Structures are given as C-alpha cells and as structure tokens.
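Thank you all for coming; I would like to take a few minutes to walk through one structure with you. Please have the sequence and the coordinates open while I talk.

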Amino acid sequence: MKGSILDGEVTVFDIVQYYYCPRKVYFLRVMGVPASIRRKMEYGEEVHEKEKRRMLERKSIYGFPIEEVEEVIQDLQLEAREIGLRGKLDVALRLKNGELIPVDTKYTDEVLIQRQYLKQLYAYALLLEQRYGRKVTRGVIYFSKQMETRVLEVSYEDKQGVLRDIERIRSMIAREATPPAVSHEKCGYCEVKKYCIG
Ligand code: SF4
C-alpha cells in the first residue's frame, strides 16, 4: 500500500487480519513486525492479473453482462480520513445505472466465504461510498482458481459494523494491549507465529 499510515488510521488489511486473529494486528501495528507476503498470495496476484484480462474478453465481467457495465475501475487507492480508513481496491465496477460494485479476488483452494472476506468487502463498500458519494449495496467476491463469482448484498448494518471494527482496532492499538491467542489451527498458517508465544 502506498503512503504511510496516519496516526489512528486503520487499513482494510488490518480489518482482515483482525478477523483472522486480533493478536496478529497487535504484532503488525503495535510491535511493528513486517507483514510478509506469502508465495501463495504472490501467485494469486499473478493469476488475478491474467484473470482480469480474460474477464474483459468475455461476455460478462465478474458476473455482470458486459452491456450493463459502464467502466472497470482498477487499482484504486481509497482513503476516508473522516472515518480513519484506507485501502487499495484492485477492481470496482461502475454499472450503466451508476451503481458501484467493489470486486475482491481470492485465490484459495475452496470456494468458501469466510467472515474476514465479508468484512473486507464491506470495508471497500464503505470506502467507495466515501470516495464517490453514492450508496454501495452490493459487492463481488471472485474465486479465481475455480473461476466462480459470488455477488453479495452489503447492508447499512454491515457498513456500520465496519465503523465499529475501526474503533475496536484503533483502541487496541492505542492501548497497546495484547489480545488473547486464537486456535492453534490458525497459528499454523500465521506469518507472525515466530513472534507470538501463543
Ligand atoms: S500465532 Fe496464532 S495467536 Fe499468534 S498472532 Fe498468529 S494466529 Fe494469532
């Protein structure tokens, strides 16, 4: 992500990590442990780039008929200082009726919508609303490995939940409090495991 994180600012990445394990955010944001990019994620990025090109050659774009899509907006750096949130969104669709739809691509072994994926989508919806001044009520999760698209509703409550998440994370960072550890199953895949006594 470009630019430095302002004091009290929370990123979409923080929210995703928080829903994986709050303690992980403590290590990344309070202790300053660098976030490493795992090979699987890097590979996922490559696939994502190819997929974006292929999508544009098809008759539909992320599940929407091509004739309904006005614009595919790519690589959006989004920041909403009033709510203290920022994030980078790879793709957003602007439909001909003006609707804006955040698209998040996942490269995973199974098509399973995890809670942190939903939270990420809601956070992007909120950031898009702030940028364009227009309500965002749907989002897409695209599973690139399986080439499956899920169009999901985003409610007012979902976006309010993101505001509460931002406050929780901000408060945790300010207090420098260590959150409790999560299940050992998650620890096995955790990039900050070596710093965490669990
Ligand atoms: S090792 Fe486990 S408890 Fe520690 S931050 Fe990672 S997921 Fe959380």
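Let me begin with strand S6 (residues 100-106), which together with helix H4 (residues 115-132) and strand S7 makes a right-handed β-α-β unit; right-handed here means that, with the strands pointing away from the viewer, the path from the first strand over the helix to the second runs clockwise. Helices (H or I, at least four residues) and strands (E, at least two) are DSSP runs, numbered from the N terminus.

Before going further, a word on provenance: this is a predicted model, in which local features need pLDDT of at least 70 and side-chain atom pairs count only at pLDDT 80 or more, whereas totals for chains, interfaces and linings use all residues. Residues are numbered from 1 along each chain as its sequence is written, and side-chain values use heavy atoms, with hydrogens and water left out.

Back to the sheet, where two strands are said to pair if DSSP finds at least two bridges between them. S6 and S7 pair in the parallel sense over four bridges, and Asp104 has Ile141 in S7 as its bridge partner. On S8 (residues 148-153), S7 is joined by six bridges in the antiparallel sense, and there Ile141 stands opposite Arg150. S7 and S8 form a hairpin with four residues between them, and Met147 in the turn has a positive phi of about 55°. Is S7 itself buried or exposed? Five of its six residues, 138-143, are buried, so S7 is largely enclosed by the rest of the structure; buried means under 20% relative accessible area, with a 1.4 Å probe and protein chains only.

Turning to helix H2 (residues 22-30), its buried residues are Arg23, Lys24, Val25, Tyr26, Phe27 and Leu28. These pack against helix H1 (12-20) and helix H5 (156-175), where contact means heavy atoms within 4.5 Å. After H2 comes Gly32, whose phi is positive, near 70°.

Methods. Buried < 20%, exposed > 50% of the residue type's maximum accessible area, 1.4 Å probe, protein only.
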